[in-house]
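Please find my notes on the model below. They are set out as numbered points and can be read beside the structure.

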Amino acid sequence: MLAEPAYTDVLALNPDVDEIWPMPATRGGWAAFAWRIRRAGFTHVFNFDNTEGTALITRLAGAPFRLGLHHGGYRLKFAGCYTHQVNDPNDLHESRPITEYYLTALAPAGIPIASREVRLVPRPADLEKLARFVGAGGRVLLVHPGSRSPWRVWPADRFAAICDRAQDELDAQVVLVGGPADRSAVEAIRSLAKSHLLTLQEPMSIPRLAALARLSHLMLCHDSGPMHIAAAVGTPVVALYGSQNSVLFRPAGDQHVLVQPPLPCTDCVAPARCTPADSYHNLCVQRNTVATVFAAVAAQWQRR
């Protein structure tokens with residue numbers, strides 16, 4: 001697998017990946033990288049990224065089979081770099097999980113779909129260390145309140161209410177986590193909660209987040225990267241959605257619950273600010289109520 005350096009930690013937890021090549025982080029590293037790609041002798045290259053840069057890398061590999069993947073109205077960048085291409089029609093692309101889109105790349109190479117499982121395996125050392133932190137006997141509700149989009153963040157006071165009710169009514173041990181960008185949200189929830197919330201003071205790396213999710217009974221989060229990590233280690237999630245496509249970007253597996261307000265929106269929380277056609281610029285997630293979210297958490301808790 002070839003990936004940007006920021007994502008290599010995810011791939012390292014995938015037991016089906018034999019080797020990970022990070023893309024050069026500096027301009028000076030590209031000459032050696034290009035030579036490494038060229039002399040590796042690849043027979044097949046699958047490019048899921050559809051950018052000009054990855055198209056050139058694909059062509060540089062010199063493999064006899066080079067496939068580019070694109071969908072809907074997006075044209076394949078530098079199509080001449082490929083021997084094969086797959087286009088996912090927009091109506092089909094929007095109606096199924098994105099993992100199905102990636103699997104369409106296999107048919108032109110004559111590769112059958114052997115499994116639809118999405119699997120990450122946490123490191124044993126991380127599991128052992130974090131098991132001491134969260135406690136061996138208690139059942140853990142892991143709460144991650146962050147999102148890369150500030151428009152898709154559920155209010156801190158509502159997260160705090162869920163944390164309090166989970167501890168009072170479900171006898172849950174609540175662990176609150178977030179990355180550096182989520183620090184203000186985590187602190188706001190801690191200040192508003194009436195109950196004690198466990199938090200990790202050190203930065204939460206992807207491998208440690210995967211281990212903590214695996215040790216947890218359930219995870220409450222937004223539609224986010226941490227949601228997919230939890231699903232991949234086998235932990236059920238309750239995921240908060242706004243107006244984004246909850247079919248295309250749902251977590252893999254059938255044990256998850258997605259909480260989403262009725263759409264299309266009829267009672268906008270911020271009509272002067274929201275852009276209805278752009279899910280990255282509306283606040284629909286705030287239409288999810290504490291009662292609805294807690295009911296989903298409680299149902300998942302009892303089911304587990």
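1. Basis. This is a predicted model, in which local features need pLDDT of at least 70 and side-chain atom pairs count only at pLDDT 80 or more, while totals for chains, interfaces and linings use all residues. Residues are numbered from 1 along each chain as its sequence is written, and side-chain values use heavy atoms, with hydrogens and water left out.

2. The three-stranded sheet. Helices (H or I, at least four residues) and strands (E, at least two) are DSSP runs, numbered from the N terminus. Two strands count as paired if DSSP finds at least two bridges between them. An open sheet is formed by three strands in the order β3-β4-β5, with parallel pairing. At its edges are β3 and β5 (84-88), each of which pairs on one side only. Neighbouring strands of this sheet are turned by 15° against each other on average, direction ignored; axes here are lines fitted to C-alpha atoms, for helices over the stretch in contact, and angles run from 0 to 180 degrees between N-to-C directions.

3. Strand β3 and its surroundings. β3 is joined to the parallel strand β4 (residues 65-71) by four bridges. Opposite His44 stands Phe65 in β4. Helix α3 packs on the sheet and touches β3 and β4, where contact means heavy atoms within 4.5 Å. The direction of α3 makes about 175° with that of β3.

4. The six-stranded sheet. A further open sheet has six strands in the order β8-β7-β6-β9-β10-β11, and its pairing is parallel. The edge strands β8 (198-199) and β11 (257-259) each pair on one side only. Strand β10 (residues 237-240) is paired with β11 through three bridges in the parallel sense, and Val238 stands opposite Val257 in β11.

5. Strand β9. How much of β9 is covered? β9 is mostly covered, with five of its five residues buried; buried means under 20% relative accessible area, exposed over 50%, and partly exposed in between (1.4 Å probe, protein chains only). Leu218, Leu220 and His222 point one way from the strand, Met219 and Cys221 point the other way, and all are buried. β9 runs parallel to β6 and is joined to it by four bridges, with Leu141 opposite Leu218. Four bridges also join β9 to β10, again in parallel, and the bridge partner of His222 in β10 is Leu240.

6. The largest nonpolar core. A nonpolar core is a set of buried Ala, Val, Leu, Ile, Met, Phe, Trp, Tyr and Cys residues joined through side-chain atoms within 4.5 Å. The largest has 28 residues, and those with the most contacts inside it are Leu141, Val143, Leu170, Leu220, Leu240, Val293 and Val297. At least two residues each come from β6 (140-144), α7 (156-169), β7 (173-176), α8 (183-192), β9 (218-222), β10 and α11 (290-303). The largest share, six residues, is supplied by α11. Leaving aside neighbours within four places in sequence, Val297 is in contact with Leu141, Leu170, Leu218, Leu220 and Val238. Another core, of 25 residues, lies apart from this one and has Val140, Ala210, Leu212 and Cys221 among its members.

7. Aromatic pairs. Rings of Phe, Tyr and Trp (its six-membered ring) pair if their centres lie within 6.5 Å; planes under 30 degrees apart count as stacked, over 60 as edge-to-face and the rest as tilted. The count by this rule is six aromatic pairs. Why is the pair of Phe48 and Tyr102 tilted? The ring centres of Phe48 and Tyr102 are 5.1 Å apart and the planes are at 40°, so the pair is tilted. Phe48 lies in the loop between β3 (44-47) and α3 (52-61) and Tyr102 in helix α5 (residues 98-103), so the pair ties together parts that are 54 residues apart in sequence. Phe48 is partly exposed, at a relative accessible area of 38%, and Tyr102 is also partly exposed, at 33%. Phe48, Tyr101 and Tyr102 form one aromatic cluster.

8. Charges over rings. A charge sits over a ring if NZ of Lys or CZ of Arg is within 6 Å of the ring centre and within 35 degrees of the ring normal. Arg36 lies over the face of Trp21, 3.7 Å from the ring centre. The charged end of Arg152 sits over the ring of Tyr280, at 4.0 Å from its centre.
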